[in-house]
Amino acid sequence: MIRPLAGMARIGLRFQLAYRSDVIMSVLALVAQVFLLRMVWTSLYGGQGQTRGLSLEALLAYLSLANLQAFATSPIIPRITHFRIRTGTVFFDLSRPTGYLPQMAAFQAGHTAGGLLMLAPAVPVVLLVGTITPTAHPVGYAATLALGYVISLMMSLLICVIGFWTLETGAISLLYRLVSHFFAGTMVPLSFFPGALGVLADALPFKYMGYVPAAVYVGHISGGEIGRAVAVEVAWIAALAVLLWAVWRRAHRRVVIQGG
Amino acid sequence: MIRVESLTKVFRRPRAFSGPLGPLRTLVTRRYDERTAVDGVSFEIPEGEIVGYLGPNGAGKSTTVKMLTGILTPTDGLIEVGGRVPWRDREANARAVGVVFGQRSQLWWDLPLIDSLRLVGDLYDVPAARFTGSLRRMCDLLGLDDFLHTPVRQLSLGQRMRGDLAAAMLYDPPILYLDEPTVGLDVMAKQAVREFIAETNRIGRTTVVLTTHDLADVEALCRRIILIDKGRVLFDGGIDDLVTAYAPPRRLVVELADDETRAFEIAAGSSIPELIARVSAEHTIRDLSIHEPDLESVIKRIYAESER
Ligand SMILES: Nc1ncnc2c1ncn2[C@@H]1O[C@H](COP(=O)(O)OP(=O)(O)OP(=O)(O)O)[C@@H](O)[C@H]1O
Ligand SMILES: [Mg+2]
């Protein structure tokens with residue numbers, strides 16, 4: 001069981017490295033984004049010490065981290081699945097002894113690892129721009145981030161599976177990208193969202209990919225709240241697992257391979 | 001090895017609507033378009049046989065192959081491959097079959113060929129020593145060494161097809177489905193692919209179902225063919241039987257003095273010299289030849305009859 005997944009992860013990693021120039025471009029975009037956010041927020045704070053319990057330093061650190069995380073975990077498999085369904089090559093993925101979803105999950109994990117490798121040179125720059133200092137909650141940060149990654153992975157798998165119905169995930173994955181980045185809090189921390197929007201953002205799982213771990217890191221979420229966040233993440237993972245399983249079973253039954 | 005009985009596949013798609021809101025209506029509609037791609041096909045293939053699975057475009061060949069691999073679930077009928085029902089026992093079936101679709105590739109487009117081959121070794125859990133041996137054999141048989149480390153997108157069609165054949169056979173499956181494995185290849189590449197198929201069949205007693213529009217493939221590899229059209233079996237038997245049963249009469253083709261060419265059917269049992277004498281009595285013959293019916297003309301005739 002391990003070997004097929006390791007093989008698939010290796011392909012994901014190689015795939016990421018094969019598009020090196022793309023990654024370099026997006027690393028540049030990441031650095032630029034963090035830099036621009038820093039300018040905007042510094043001017044918005046206008047010398048105030050704290051806003052909603054966040055100092056400017058903590059906010060800048062938060063934004064850098066949240067963007068770094070969102071970048072590193074951004075999903076590739078909806079695009080891969082979209083392409084493979086459209087061209088019918090998904091036939092081969094489905095004809096393997098290993099399940100389609102485990103294959104895609106492993107591919108995504110390898111791809112993320114490749115992204116981290118190439119991101120490494122940019123990390124010091126982003127940390128510097130965000131003036132990030134060591135965290136008081138390293139374990140809480142690692143835990144919320146790891147679980148957040150699993151949630152992000154499962155959401156991506158869900159998008160992939162939807163593709164088996166619509167035979168088209170291009171528009172859906174674009175929408176997903178926009179929505180997930182916004183509600184992950186990469187531009188504005190979720191605690192700044194007003195009224196209903198704040199409630200919505202809090203109810204959605206996207207915050208675990210950006211806001212929650214980054215807020216834990218800078219101390220905006222602390223104490224018992226960390227434990228609660230971890231518990232809710234585990235609940236999300238369980239719920240998504242059930243949902244994925246149910247949706248996949250139905251998708252599998254109605255698989256159509258295009259072209260002949 | 002393979003048993004198929006009254007196999008049927010009906011594709012059911014939500015009706016497509018036109019107009020600005022068309023896609024939305026398609027998404028919520030309860031009206032469906034149905035299309036019967038395979039319509040009550042039955043056949044049996046014993047171990048170690050190479051069978052040509054032939055038919056005109058849209059006959060239902062690829063759909064049958066997709067059901068044999070267990071990817072598509074039949075609407076009706078029965079399939080057994082090596083004693084298993086493919087769509088119910090997908091995992092075991094997956095280990096037992098290799099598939100090549102000439103029109104599409106299982107190789108990762110952006111990565112060197114070797115990466116895709118290694119992936120196959122991992123996915124089917126081929127022990128390292130056996131993998132090395134298999135790969136060596138594939139490289140020798142198919143001449144992969146020259147482009148093993150080239151990204152697949154830079155390969156020519158023939159090179160890519162050889163890579164795909166290797167990927168389908170690396171784990172030594174006892175059954176091989178080949179759907180147009182020679183499409184678009186030049187004569188030399190076709191020859192290489194045919195030799196590979198023959199060799200695989202000879203050494204490993206691999207059972208092969210071969211779909212192709214190139215009858216030279218069939219003549220080189222198959223003794224038996226199954227002909228289908230519109231999802232139904234038209235003929236199942238030896239090539240020789242097919243030719244005897246359906247062959248059109250031989251023809252005498254003459255070129256006349258005024259550059260006109262005319263053909264005369266040679267009725268079974270009639271005398272050719274007599275026919276020539278009769279023709280030359282009326283015309284001045286400059287050249288003549290006798291055309292034997294070939295597999296192509298036989299199959300053309302069957303397709304044409306099934307059209308009616
Ligand atoms: N996914 C699908 N949805 C609806 N109809 C389909 C689908 N796939 C195939 N068909 C229809 O089923 C019929 C058989 O198609 P199939 O691909 O099996 O033909 P084929 O014998 O492989 O033809 P070719 O020689 O052109 O490859 C065709 O009429 C085709 O339009
Ligand atoms: Mg076909």
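Which residues line the largest cavity? Here's a look at the inside of this predicted model.

## Ground rules

In this predicted model, local features need pLDDT of at least 70 and side-chain atom pairs count only at pLDDT 80 or more, while totals for chains, interfaces and linings use all residues. Residues are numbered from 1 along each chain as its sequence is written, chains are lettered from A and ligands numbered from 1 in the order in which they are written, and side-chain values use heavy atoms, with hydrogens and water left out.

## The largest cavity

A cavity is a set of points on a 1 Å grid over the protein atoms alone where a 1.4 Å probe fits but cannot get out, and its lining residues have an atom within 4 Å of a point. The largest cavity is lined by A:A70, A:T73, A:S74, A:P75, A:S152, A:Y176, A:S180, A:H181, A:A184 and A:M209. Its volume, the space filled by probe spheres set on the points, is about 90 Å³. The lining splits into five nonpolar, five polar and no charged residues.

## The nonpolar core

Now for the packed side chains. A nonpolar core joins buried Ala, Val, Leu, Ile, Met, Phe, Trp, Tyr and Cys residues through side-chain atoms within 4.5 Å, where buried means under 20% relative accessible area (1.4 Å probe, protein chains only). The largest one has 149 residues, and B:I2 and B:Y177 have the most contacts inside it. Apart from it lies another core, of twelve residues, including A:V23 and A:M118.

B:I2 touches (heavy atoms within 4.5 Å) B:Y177, and also B:F43 and B:V209 among others, leaving aside residues up to four places away in sequence.

Key
Buried < 20%, exposed > 50% of the residue type's maximum accessible area, 1.4 Å probe, protein only. 1 Å grid on protein atoms, 1.4 Å probe; cavity = no way out; pocket = protein on both sides within 12 Å on 5 of 7 lines; lining within 4 Å. Nonpolar A, V, L, I, M, F, W, Y, C, P; charged D, E, K, R; others polar.
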